[in-house]
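Dear colleague,

A summary of the findings follows it.

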Amino acid sequence: PVVMLTREMRPEAIRHRLDAIECGLPYNALRKGMLSQEQERAYFEYLDELKNDDIPFVILGYDLTDNSGGVSSLIPRVEKYLLNGGLLIVDGLYLLPDDRGEKDWRAIVNIATDLKNLAQTYKIPILASTQHEMADKSDKPRMDGIAYGKYLAQFVDVMLGIERSEEYRLAEIINLHLLSQREGDTGEFTINAKFNPIDF
């Protein structure tokens, strides 16, 4: 099971993107309701199959004006869906409010601490995203460009940055940079962006 908290996008938009990847459909055509008859048939067959899937993929969304949705608000969902394992995704860690009411770097430290405690208490992996500054117009991620990166690095097992230049987009590849990890070296590796299969 997967529980995904997004404060970056509407849950429906995330679901449509995942559906497009899973079905091999063009996302913009799916989003705009402009699928061909054959694509639409395949999409509805996929949705019917999902109804019979007993492994939940729950997408939670929050209004950005809601300040009550800190890490503590995730505990009931983790206990409902992830007690026997699974994955928690937090899209937009820096958008979570701090349960203690702190701001700026203090809030990030508290949120990272709370997420780490949540992962260790319930024995689940947590994948969280944050922003990267691209002021130098480079597509290559850097540790010093990650929002609050020096504070986050002490709490995470691995920190990845995604490099997607126009050249990489056209070639349908992604360069992943290991910017920080608890044990081992930093470096980079390339995967294809079709995800079918994920070839390294």
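**Salt bridges and surface exposure**

At 46% relative accessibility, Arg41 counts as partly exposed, where buried means under 20% relative accessible area, exposed over 50% and partly exposed in between (1.4 Å probe, protein chains only). Please note that this is a predicted model, in which local features need pLDDT of at least 70 and side-chain atom pairs count only at pLDDT 80 or more, while totals for chains, interfaces and linings use all residues. Residues are numbered from 1 along each chain as its sequence is written, and side-chain values use heavy atoms, with hydrogens and water left out.

The side chain of Arg41 meets that of Glu45 in a salt bridge, at 3.2 Å from N to O; the term denotes a side-chain nitrogen of Lys or Arg within 4 Å of a carboxyl oxygen of Asp or Glu. Glu45 is partly exposed, with a relative accessibility of 42%. Arg41 and Glu45 are four residues apart in helix 3 (residues 37-51), and therefore about one helical turn separates them. Helices (H or I, at least four residues) and strands (E, at least two) are DSSP runs, numbered from the N terminus.

Helix 3 also holds Lys51 and Asp48, which are three residues apart and separated by about one helical turn. Their side chains form a salt bridge at 3.6 Å, N to O. Lys51 is exposed, at 67% relative accessibility, whereas Asp48 is partly exposed, at 43%.

A search of the whole structure finds seven salt bridges. One of them joins Arg10 and Glu12, whose closest N and O atoms are 3.2 Å apart. Arg10 is exposed at 54% relative accessibility, and Glu12 is partly exposed at 44%.

**Aromatic pairs**

How many aromatic pairs does the count come to? The rings of Phe, Tyr and Trp (its six-membered ring) pair if their centres lie within 6.5 Å; planes under 30 degrees apart count as stacked, over 60 as edge-to-face and the rest as tilted. By this rule there are two aromatic pairs. Tyr43 and Phe44 form a tilted pair, with 5.9 Å from centre to centre and 40 degrees between the planes. Tyr43 is buried, at 9% relative accessible area, while Phe44 is partly exposed, at 45%.

Trp105 and Tyr151 have ring centres 5.3 Å apart and planes at 15 degrees, so this pair is stacked. Because Trp105 lies in helix 5 (residues 104-122) and Tyr151 in helix 6 (residues 149-152), the pair ties together parts that are 46 residues apart in sequence.

Phe155 is found in the loop between helix 6 and strand 5 (158-163), and Phe155 is buried, with a relative accessible area of 18%. Leaving aside neighbours within four places in sequence, Phe155 is in contact (heavy atoms within 4.5 Å) with Val109, Ala112, Thr113, Lys116 and Arg182. Phe155 and Arg182 are 27 residues apart in sequence, and their C-alpha atoms are 9.0 Å apart in space.

**Confidence**

The mean pLDDT (the predictor's confidence in each residue, from 0 to 100) of the protein chain is 87, and 92% of its residues reach 70 or more. Within the chain, confidence is highest in strand 4 (residues 126-128), at 95, and lowest in helix 6, at a mean of 86.

Yours sincerely
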